[in-house]
Amino acid sequence: MAKKISNESVVFKKALWYHDRLLLAGVIIVSIALFLSVFGYMVAPYDPGTPVGPISQPPSREFWFGTDSSGLDVFSRVITAPRIDVVLSVSAAVLSGLLGTLIGLGTGFYEGRFSSLVMRISDVLQAFPIFILAMVLVALTGRNLINLIFALTFLYTPIFVRLTRTEVMTQKTRTYVEAARATGNSEWKIALKHVLPNSLTPSLIQLSVTVGFGILLTAGLSFIGAGVRPPTPEWGLMIATSAPRLILGEWWSSLLPGIAVSLTVFGFASLGNALERRVAS
Amino acid sequence: MTKSILEVKNLSVTYATLNGPVVAVKDVNLELFPGEIVGLIGESGSGKSSLALALLGLARFPGSLEGQVHFGDKELVGMAEDDARLLRGKEISLITQKPRQSLNPYLNVGTQISRVYRAHTEASQDEALKHAVVLLEDVGINDAERRIDAYPHELSGGMAQRALISMALSSQPKLLIADEPTSGLDVTIQAQFLDRMWRAARDRDMTVLLVTQDLGIIANYCDRIIIMEDGKITSVRVTKDFFANPENAYGERILKIARANRSTLQAPTGEVNDIIKVKDLRKTFKVDDGKVLQAVDSVSFNIKKGRSLGLVGESGSGKTTVGRMILRLLEPDSGTVELDGDNISDLSLKEFNALRSKIQVVFQDPFDSLNPRWPIFKSIEEPLKLHTSMSSGERRERVLEVMNSAGLDAGSVNQKPSGLSAGEQQRVCLARALVTRPEFVVLDEPTSALPPAARAELILLLKDLQTQLGLSFIFISHDLSTVRELCHDVAVMYLSQIVEIGTTEEIFADPKHPYTKALLDSVLFHDPNARRVDKARLTDLEGEIPSPVDLPKGCYLAGRCPFVEVRCTAEAQVLAVTNGKQSVRCWKASENQPLGNS
């Protein structure tokens, strides 16, 4: 018995180690992604938009990630792409986070017919396959950066509404809310000063995860031609243009941007995951 | 000397945490003998619960055990899991603190009890169920035949606890480990429960290790007392010796707090006005299937300036609802509340909000009633921001002043509530309530969520404040001994009504209502020479408080009262003055008849 328990505690320690490392990986990857989305163009060795050498060169000392079928430097394109992918998904996540939190606070604090109506609408939105809806939205509004941000915001807001609302509904039954009322706070002060700050944790965790999904969605939309236009450096677009050349043995121009997408999504997701663990324990 | 039933040698419990291993129980040695009840006392976090669990050879994840636990001739630490399971539940049973959380929510009570029984006997399911009914009847559950089909959420806390104890006793264990089994139970239910446990120990030579923080329980039910501090056992004494001379610093401290020299209450002299006048308050709630729950029924009382009223009753009696209606946190169905002669029931909520600096509240659960993200300074300061035009410097001065009078260290202003002990948290709540110098405070069970030492300290503090500030308050509580110390007047509530109201002396000297008598009976004095189990009872109440949804036609206590007569079940009772003293809702008392022999 005693032996078994000590085994369990070893497992527990391993779990702690694992989650600490996960957090570390998340922080490093997210920092690099954010750094590149601001300074990517400065540190890129070549201009990502103009051909700089012979086409379809494999990775070499001169072109680290090789060149693609138009003679563009793949490495420069991979590290400048966060300007689109990360900026777009971060803005969409922040906007939907703000909007969703406010709607969630309102509908959670004042439960009633209007609140139920808002929730039903948001349920319907969440029931659609998100990728298809994004395609339709972009097709309707036109392919540009602003429209993409709005489309993503529109799609991600219901998640934050639901998360915040649930938390608000729990928090508002706690005694400190009653105490705030007994102190003489008006209802909107109670909502903003007391309930809101205590209801933010789930949304903050979700924010990081949403950025990850946003990157995936942006890249996906570009891959099918519904995102940004070529020759803008963007991971999904790079994969789309270079994927057919895989068959010719040119792996570097599509695989390397693919790895960049995976790593970034993994980074944001594990950051969110680790934050959630921290909050829960 | 008899042979010990349990012998613990060099036992340690260690938990792996984020910040490295934490040793909860350090190198403990201990012996328990057949048929004795041993109290294990110590502050929260001293390792009591870890030790209790370790005696079963268990540790909560991620803990590990070291050392030896001999039970009879068997060694529990390191025992094969299959062998240990045969012992647990059969020879050693455990009752934990939270009764409802210890029951499986998906299984009905009968199934759970019969499973324990069947795990250790050859009984068939039918036999086991019959046995379960007998066990439930044994622990005083009415209508056990029907109750075995109930699911845990359908039971009250008291009933769930009794289901647990019958499960624990079903296999007639030799050793019962009870980890604060009565915390959260009402006083009359607590007394019933402990009486049964005491009887089982005496009749069947069962050994009980009773983990508690309540000296009253120790004095009344335990033969020996073990003190735990910081994971170590620091003292083992016979109860009577301990109360005579604890010979231990921690023991001396808790005894001193419990016995602190209590000054008598000072009442204001001369003609004083009523600060609060409550008239005929009523409140009902709609529940499922269109039924109506009667929460408060025709409650009236006055509190004069500088005086305090104790509103006493068990859970579900409606006492908290009365408090919330005075504060306008809940609107009454009918009835009025006057503050200092002004009717405050007709004011709009906005108008009333402006008055909130005059009428304040302290809630039961101190941690839950503080905004967890705010440093305590901000929480105490908030009423000043809302109700005064003080500058931030003036506010700071006032907050520090009130913190000082609430016994809080000025250095803790930037702490978050989670960093404070429950007692300190409740002082913060009290400071917040007093910061605007209110005329009236509703204290809604401010002491019942606190460990006994902190409770005693808070009572002393309240008493000081009462003398210094001439504070008027209503003190809602289920604890009569606290009310006796703090309040000039007492109102006893039972099932939405006041059943007896009068001055504290009147009620304690000559309780007239059977329910008041039962409440007085259930007070556990900190004196091993005045044990409840040795005394003749004034009233022995049977069973549970009825549901406030289907109230009986006559006296609400009729179903539990040992003095019940036909007239009790036929007539609704009225609150009537007796002998020019307290008012009582019992026809026998108001007609000055003896209650009867029981």
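**Figure 1. Glu180(B) sits in the loop between strand E7 (175-179) and helix H8 (187-204) of chain B.** In this predicted model, local features need pLDDT of at least 70, side-chain atom pairs count only at pLDDT 80 or more, and totals for chains, interfaces and linings use all residues. Residues are numbered from 1 along each chain as its sequence is written, while chains are lettered from A and ligands numbered from 1 in the order in which they are written. Helices (H or I, at least four residues) and strands (E, at least two) are DSSP runs, numbered from the N terminus. Glu180(B) is not a glycine, yet its phi is positive, about 40°. Glu180(B) has 21 other C-beta atoms within 10 Å and is therefore buried. The cut-offs are 20 or more other C-beta atoms within 10 Å for buried, 12 or fewer for exposed, and partly exposed in between, with C-beta atoms placed from the backbone.

**Figure 2. Asp280(B) has a positive phi within strand E11 of chain B.** The value is near 55°, in a residue other than glycine. Asp280(B) counts as exposed because it has 12 C-beta neighbours inside 10 Å.

**Figure 3. Strands E12-E11-E14-E15 of chain B, in that order, form an open four-stranded sheet.** Pairing is antiparallel. Two strands pair if DSSP finds at least two bridges between them. Strand E12 (292-304) and strand E15 (342-343) of chain B each have a single partner strand, so one side of each lacks a neighbour in the sheet. Strand E14 (residues 334-339) of chain B runs antiparallel to E15(B), and two bridges join them. Glu338(B) stands opposite Asn343(B) in E15(B). Helix H12 (residues 319-326) of chain B packs on this sheet, touching strand E11 (274-286), E12 and E14 of chain B. The direction of H12 makes about 115° with that of E11(B). Contact here requires C-beta atoms, placed from the backbone, to lie within 7 Å.

**Figure 4. An open sheet of eight strands in chain B has mixed pairing.** The order is E16-E17-E18-E13-E19-E20-E22-E21 (chain B). Strand E16 (359-362) and strand E21 (576-577) of chain B are the edge strands, each pairing on one side only. Strands of a sheet pair through backbone hydrogen bonds, either parallel or antiparallel. E16(B) and E17(B) pair in the parallel sense, over four bridges. The bridge partner of Val361(B) in E17(B) is Val442(B). Strand E17 (residues 440-444) and strand E18 (residues 472-477) of chain B also pair in the parallel sense, over five bridges. There, Leu443(B) stands opposite Phe475(B) in E18(B).

**Figure 5. Helices H5 and H7 of chain B cross at roughly 120°.** The axes of helix H5 (residues 125-138) and helix H7 (residues 157-169) of chain B come within 9 Å. Axes are lines fitted to C-alpha atoms, for helices over the stretch in contact, and angles run from 0 to 180 degrees between N-to-C directions. H5(B) and H7(B) are therefore oblique to each other. Angles under 35 degrees count as roughly parallel, over 145 as roughly antiparallel, 65 to 115 as roughly perpendicular and the rest as oblique. H5(B) contributes Leu135(B), Leu136(B) and Asp138(B) to the contact, and H7(B) contributes Ala163(B), Ser166(B) and Leu169(B). By class, this contact has four nonpolar, one polar and one charged residues. Ala, Val, Leu, Ile, Met, Phe, Trp, Tyr, Cys and Pro count as nonpolar, Asp, Glu, Lys and Arg as charged, and the others, Gly among them, as polar.

**Figure 6. The contact between the chains takes 24 residues from chain A and 34 residues from chain B.** Helix H1 (2-43), helix H7 (175-183) and helix H8 (187-198) of chain A each give two or more residues to the side of chain A that touches chain B. H1(A) gives the most, with nine residues. This side of chain A divides into nine nonpolar, nine polar and six charged residues.

**Figure 7. The peptide bond from Pro230(A) to Pro231(A) is cis.** Omega is near 5°. Pro231(A) lies in the loop between helix H9 (201-223) and helix H10 (235-242) of chain A. Chain A has 11 helices and zero strands. Of its 281 residues, 45% count as buried.

Definitions and conventions
Contact = placed C-beta atoms within 7 Å.
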